[in-house]
2 protein chains.
Amino acid sequence: MNKVFKALSDPTRRRVLQLLRDRPMSAGELAEHFSVSKPTMSAHFAVLREADLVDASKNGKSVIYRLKLSVLEDALLAFTGAIGLELKPDAAPNTEKETS
Amino acid sequence: MNKVFKALSDPTRRRVLQLLRDRPMSAGELAEHFSVSKPTMSAHFAVLREADLVDASKNGKSVIYRLKLSVLEDALLAFTGAIGLELKPDAAPNTEKETS
DNA sequence: CATTCATTTAGATAATTAGCTAATTATCTA
DNA sequence: TAGATAATTAGCTAATTATCTAAATGAATG
């Protein structure tokens, strides 16, 4: 859980997660949304992978990142639960486009 | 919101919030729960104040810290909302002892 | 098979952070 | 008013972080 919160402490990384909410995206595609260098973005992706918040899979020349929503949800619920902030899952509709 | 997430990125500070969930506590009382020096704890309190996650009030020689649950809740809901993680407030039962 | 394209690794740097001890400030009490 | 007590500020260090450019890796394609 610590790694998740560390990962969330940077606005660039939070925004990456937000972008991945709609659909999986390649590293380069994600990087286009930010004004920092590719290697810097690559380092941010590594932090997100390390926290298990995203999944990376290679597709040809690209690396596709996917949001692991459940990991985020679990960490947030664990924390809010411990704090006495009873947010609870809302059988949450997922906005992502269907892959099937 | 960035300051809130920065504040939450340290386990000591998350634990402080957790302790304050039960009741307001003085700086010294809080510090007893940790194995770091008082000045270090004081710095952590400053970060939490800066993020508006706690309220500090002087009472004689002591400084009493209180959790500002709503600020935490707002930040978390703003983020989870943006991410498409529809946690929602649960009319949360507050464990804190009544002050009235 | 040499080139191009996508991404990551290496290596450097500046800024931030968490930690410490010592000193200061503010308040209470004998 | 002279301690004693609670907390913060000052000043320091070591570790981590976000950033960069240049180089390396891996995969597709002429």
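Two exercises with worked solutions follow, both based on a predicted model.

**Exercise 1.** Describe the protein surface near DNA strand C by its elements, its residue classes and its polar contacts.

*Solution.* 

Step 1. Identify the elements. At least two residues each come from α3 (27-31), α4 (38-50) and β3 (62-67) of chain A, and from α4 (38-50) of chain B. The most is given by α4(A), which supplies five residues.

Step 2. Identify the nearest residues. There are 22 residues around DNA strand C, and those that come nearest are Gly28(A), Tyr65(A), Ser37(B), Thr40(B) and His44(B).

Step 3. Sort the surface by class. It holds seven nonpolar, eight polar and seven charged residues.

Step 4. Examine individual phosphate contacts. For Arg13(B), an N or O atom of the side chain is 2.9 Å from a phosphate oxygen.

**Exercise 2.** Determine how helix α5 of chain A and helix α5 of chain B are oriented, and which residues make their contact.

*Solution.* 

Step 1. Take the geometry. The two helices, residues 69-83 in each chain, pack at about 170 degrees with axes 12 Å apart.

Step 2. Classify the angle. Angles over 145 degrees count as roughly antiparallel, so α5(A) is roughly antiparallel to α5(B).

Step 3. List the contact. Leu69(A), Leu72(A), Leu76(A), Phe79(A), Thr80(A) and Ile83(A) meet Leu69(B), Leu72(B), Leu76(B), Phe79(B), Thr80(B) and Ile83(B).

Step 4. Sort these residues. The contact of α5(A) with α5(B) comprises 10 nonpolar, two polar and no charged residues.

Terms used
Residues numbered from 1 in each chain as written. Chains lettered and ligands numbered in written order. Predicted model: local features only at pLDDT ≥ 70, side-chain atom pairs only at ≥ 80, totals over all residues. Heavy atoms only, no water. Near = heavy atom within 4 Å. Polar contact = N/O pair within 3.5 Å; in protein donor to acceptor, adjacent residues only side chain to side chain. Helix = DSSP H or I, 4+ residues; strand = E, 2+ residues; numbered from the N terminus. Nonpolar A, V, L, I, M, F, W, Y, C, P; charged D, E, K, R; others polar. Axes fitted to C-alpha atoms, helices over the stretch in contact; angles between N-to-C directions. Parallel < 35°, antiparallel > 145°, perpendicular 65-115°, else oblique. Contact = heavy atoms within 4.5 Å.
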